[in-house]
Amino acid sequence: MAAIVGPAAKRRRTGDAGGGDDGTFEACRRWVHEQGGHVDPSLVVGFDDATGCRGLFASSPIEASAVLLRLPRKCLLFSKETTWFKALKGLGSAASVLRHSLSDVGLGLQLIEEHKGAAKSTAGRSEGAAGDYSFFTPYARTLPGPLDFEGSLPAWWTEEEREALAGSPLLHTVRAQLAALEEDYATLAGHVGAGKGDGTGGLLGALGFPFPVSLREFMWGMALVTSRTIGGDDGEGEG
């Protein structure tokens with residue numbers, strides 16, 4: 001899936017802005033260490049004061065020979081090993097109409113489930129419930145929310161705002177990508193019309209997906225696939 005590009009995301013502090021500057025990154029760091037990995041202690045997630053961009057920053061000088069990040073395989077989500085890639089593949093021709101690859105959609109759905117599940121488990125904690133939604137919950141809590149993308153990805157802009165790209169080939173690319181996302185969402189959610197319906201019909205209903213999914217959430221999941229994945233094949237699944 002090609003990236004939907006745009007200027008850097010601006011600072012957001014309300015609504016569904018992403019985690020990472022509220023203790024969630026430290027929890028994720030501990031999770032990686034507990035699994036035998038390593039995250040350099042100087043690395044922090046935050047917002048750059050000059051640009052308002054959310055990202056990973058060095059909080060102190062780093063030696064040239066320092067190992068910044070080492071992730072055990074168990075901490076990685078491989079697209080062709082996700083529950084939802086396998087489930088989509090099992091639907092055969094019913095899933096073949098999707099515009100995006102099954103591995104991309106499957107990974108996007110996995111990230112959506114993990115993110116929604118993490119939010120559910122966090123809410124449960126405040127009510128006295130214990131435990132994470134899944135093994136990947138510490139990572140899922142660090143993911144940026146849709147608001148972190150809305151200022152930077154033209155797919156989220158209004159059509160009037162996208163007109164600022166007139167004269168650039170990017171405008172056609174963004175419109176084509178948005179059309180493909182809306183078409184796949186309609187197939188997945190079982191209805192026609194962006195943002196309508198309850199997001200539980202279609203292929204999602206056939207798969208038994210545990211949460212309703214809006215168009216905005218589906219776009220968010222697919223944006224994560226393009227911005228947080230590394231291509232490759234180790235014989236067991238794509239990274």
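Is Cys-28 buried or exposed? In this predicted model, Cys-28 is buried, with a relative accessible area of 9%; buried stands for under 20% relative accessible area, exposed for over 50%, and partly exposed for what lies in between (1.4 Å probe, protein chains only). Residues are numbered from 1 along each chain as its sequence is written, and side-chain values use heavy atoms, without hydrogens and water. Because the model is predicted, local features need pLDDT of at least 70 and side-chain atom pairs count only at pLDDT 80 or more, whereas totals for chains, interfaces and linings use all residues.

The protein chain has nine helices and four strands, taken as DSSP runs numbered from the N terminus (helices: H or I, at least four residues; strands: E, at least two). Along the sequence, their order is α-β-β-β-β-α-α-α-α-α-α-α-α. Of its 239 residues, 41% count as buried. With a contact meaning heavy atoms within 4.5 Å, residues 24 or more positions apart account for 65% of the contacts with a separation of 6 or more.

Back to the cysteines. The sulfur of Cys-28 has its closest cysteine sulfur in Cys-75, 8.0 Å away, which is too far for a bond. Cys-75 is also buried, with a relative accessible area of 9%. A disulfide is a covalent bond between the sulfur atoms of two cysteines, identified here as a pair of cysteine sulfur atoms within 2.5 Å. The whole structure contains zero disulfides.

Turning to the rings, the structure holds six aromatic pairs. Rings of Phe, Tyr and Trp (its six-membered ring) pair if their centres lie within 6.5 Å, and planes under 30 degrees apart count as stacked, over 60 as edge-to-face and the rest as tilted. One of the pairs joins Trp-31 and Phe-136, whose centres are 6.2 Å apart with planes at 70°, so it is edge-to-face. Trp-31 belongs to helix α1 (residues 24-34) and Phe-136 to the loop between α3 (102-126) and α4 (137-140), so this pair ties together parts 105 residues apart in sequence. Both Trp-31 and Phe-136 are buried. Another pair, Tyr-185 with Phe-218, is tilted, at 6.2 Å centre to centre and 35° between the planes. Here helix α7 (residues 169-189) carries Tyr-185 and helix α9 (residues 215-227) carries Phe-218, so parts 33 residues apart in sequence are tied together. Tyr-185 is buried, at 3% relative accessible area, and Phe-218 is buried at 2%. Ring pairs also link Trp-31, Phe-135 and Phe-136 into a cluster.
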